[in-house]
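Hi,

Here is the structure I promised to pass on. Have a look at it first, then read my notes on its charged side chains below.

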Amino acid sequence: MSQRETVSSGAEAYEAFQEGSRLLACSDHHAAAVALERARDLEPEKGSIREALGRAYFSSGRFPPARSEFARAVELDPVNDYAHFGLGLTLSRLGDRAGARRHLKLAVAMRPREEYRQALDRVAERP
């Protein structure tokens, strides 16, 4: 790929990401996923795109693909607290409480937000 093509695909990915983020903010999760899939296909190594796509999938009830996108976001950026939070929520929905606890604990440790703590409390081990 030439430098010009690289710049062009980067600009297209950014536009698709912006469109997807706008649609997510409007709670149009299915349309957001379409735009964000386009962005991901153009820039597959961008954690921010993977995280946003995970959010779109999660919000539309598509938990297995949400897990894949959040997991990839965590691989690309291991200190992304929101990606750990999203992965924890998704694993919880898929019945993997131990995996959910692991990622929610990391999210709380990185950024002790109340939203993260409440999610961790919901999957806490019960005596």
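First, a term you'll need: a salt bridge is a side-chain nitrogen of Lys or Arg within 4 Å of a carboxyl oxygen of Asp or Glu. Side chains of opposite charge can pair when their charged atoms come close.

Before you dig in, this is a predicted model, where local features need pLDDT of at least 70 and side-chain atom pairs count only at pLDDT 80 or more, while totals for chains, interfaces and linings use all residues. Residues are numbered from 1 along each chain as its sequence is written, and side-chain values use heavy atoms, with hydrogens and water left out.

Take E45 and R72: their side chains form a salt bridge at 2.5 Å, N to O. This pair links distant parts of the chain, 27 residues apart, with E45 in the loop between α2 (29-42) and α3 (47-59) and R72 in helix α4 (residues 63-76). (Helices are DSSP runs of H or I, at least four residues, numbered from the N terminus.)

R72 also meets E75 in a salt bridge, at 2.7 Å, N to O. These two are three residues apart in helix α4, so about one helical turn separates them.

Then there's R40 with D41, whose closest N and O atoms are 3.3 Å apart. R40 is buried (under 20% relative accessible area) at 18%, whereas D41 is exposed (over 50%) at 56%. Both belong to a network of salt bridges that links R40, D41, R50 and E69.

Cheers

Conventions. Buried < 20%, exposed > 50% of the residue type's maximum accessible area, 1.4 Å probe, protein only.
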